Amino acid sequence: MQAYLALLQTRPQFRRLWLAELISLLGDWFNTIAAVMLVNRHSGSALAVGGLFLARSLPPFLAGPLAGVVADRFDRRQVMIVADLLRAGIVLAFLLVDRPERLWLIYALSAAQFVVSAFFEPARAAFVPALVAETELLRANTLSSVTWSAMLALGAALGGLTTAAVGASAALLIDAGTFLVSAALLGGIRTMARAGAAHPLGGWADFVAGLRYTHSQAGLRWVALVKGLGQIGSVDVMAAIFAARVFPVGQ
């Protein structure tokens with residue numbers, strides 16, 4: 001733990017990036033729980049909740065290859081700032097979903113939000129080496145991974161308690177605010193990451209090459225298969241339905 005604290009103390013530019021990630025991850029959970037509440041409020045259908053998680057998970061898969069190319073060819077800090085500002089605007093548009101006839105907006109806006117999010121993470125990961133020494137890179141990446149895991153538990157709890165206390169609309173406003181705070185933190189980073197060399201294959205060709213490599217490595221192939229099969233019958237969907245029907249808010 002001391003090594004991670006020392007890293008944050010001695011690398012203020014990385015500290016800004018880490019805080020931006022922390023705040024953004026917290027806001028993501030406010031958004032997730034608020035969106036599920038809105039779907040349950042205006043539909044109550046398990047299929048509708050499943051559609052919400054599909055709208056959140058499919059766009060990153062489709063946009064991922066292009067996102068990697070963008071992170072290589074453009075200023076990564078600017079990519080992250082633009083992504084945060086766009087997501088703040090998209091999240092505010094969720095407030096328009098105030099009756100069943102507008103439920104379709106949840107799916108369209110969720111898809112748009114996670115397309116934009118797909119550009120943030122590759123840029124963030126590629127930006128880290130510009131902010132820390134090579135010997136500190138492992139610690140920096142480990143800290144980011146631990147932060148994601150911690151917010152999976154803490155962020156979900158805070159998001160649920162807050163949404164239950166103040167309502168979905170307030171939770172969405174908080175989420176939009178986290179993206180603005182994240183953009184402000186990123187804007188204060190003075191060390192600029194240089195754009196990497198453009199990959200000769202391009203986005204989807206690179207993705208296909210990755211699939212071929214995975215297929216050629218027996219151990220890696222099985223790990224990828226387990227990861228993929230683990231997403232079938234998403235536990236997130238089942239947990240959301242179970243929570244809404246067995247533990248309604250306020251009871």
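S24 is buried, at a relative accessible area of 5%, where buried denotes under 20% relative accessible area, exposed over 50% and partly exposed in between, with a 1.4 Å probe and protein chains only. The residue S24 is found in helix 2; helices (H or I, at least four residues) and strands (E, at least two) are DSSP runs numbered from the N terminus. Not counting residues up to four places away in sequence, S24 touches R87, F179 and S182, a contact being heavy atoms within 4.5 Å.

## Basis of the values

This is a predicted model, in which local features need pLDDT of at least 70 and side-chain atom pairs count only at pLDDT 80 or more, while totals for chains, interfaces and linings use all residues. Residues are numbered from 1 along each chain as its sequence is written, and side-chain values use heavy atoms, with hydrogens and water left out.

## The largest nonpolar core

The largest nonpolar core holds 57 residues, and F14, L17, I106 and L186 touch the most other members. Such a core is a set of buried Ala, Val, Leu, Ile, Met, Phe, Trp, Tyr and Cys residues joined through side-chain atoms within 4.5 Å. Two or more residues each come from helix 1 (2–10), helix 2 (12–42), helix 3 (46–73), helix 4 (76–93), helix 5 (104–127), helix 6 (137–166), helix 7 (168–187) and helix 10 (235–246). Helix 2 gives the most to this core, 10 residues.

Neighbours within four places in sequence aside, L186 is in contact with L17, A20, R77, M80, I81, D84 and F120.

R76 lies in helix 4 and counts as buried, with 9% relative accessibility. A polar atom of the R76 side chain lies 2.7 Å from the backbone oxygen of A71. For reference, a polar contact is a pair of N or O atoms within 3.5 Å; within protein, one must be able to donate a hydrogen and the other to accept it, and residues adjacent in sequence count only if both atoms are side-chain atoms.

A111 is placed in helix 5 and is partly exposed, at 23% relative accessibility. Leaving out residues up to four places away in sequence, A111 touches A55 and P59. The C-alpha atoms of A111 and P60 are separated by 8.7 Å, although these residues are 51 residues apart along the chain.

## The largest pocket

About 2,300 Å³ of space lies in the largest pocket. On a 1 Å grid over the protein atoms alone, a pocket is an open set of points where a 1.4 Å probe fits, with protein on both sides within 12 Å along at least five of seven lines; lining residues have an atom within 4 Å of a point. Grid points are joined across faces, edges and corners, and the volume is the space filled by probe spheres set on the points.

The lining comprises 47 residues, of which W29, T32, F53, R56 and D236 lie nearest the centre of the pocket. Helix 2, helix 3, helix 5, helix 6 and helix 10 each give two or more residues to this lining, and the largest share, 11 residues, comes from helix 2. By class, the lining divides into 26 nonpolar, 12 polar and 9 charged residues; Ala, Val, Leu, Ile, Met, Phe, Trp, Tyr, Cys and Pro count as nonpolar, Asp, Glu, Lys and Arg as charged, and the others, Gly among them, as polar.

## The second largest pocket

The second largest pocket contains about 170 Å³ of space. Its lining residues include M1, Y4, W18, T142 and M151. Helix 1, helix 2 and helix 6 each supply two or more lining residues, with the largest share, 6 residues, coming from helix 6. This lining has 10 nonpolar, 2 polar and no charged residues.
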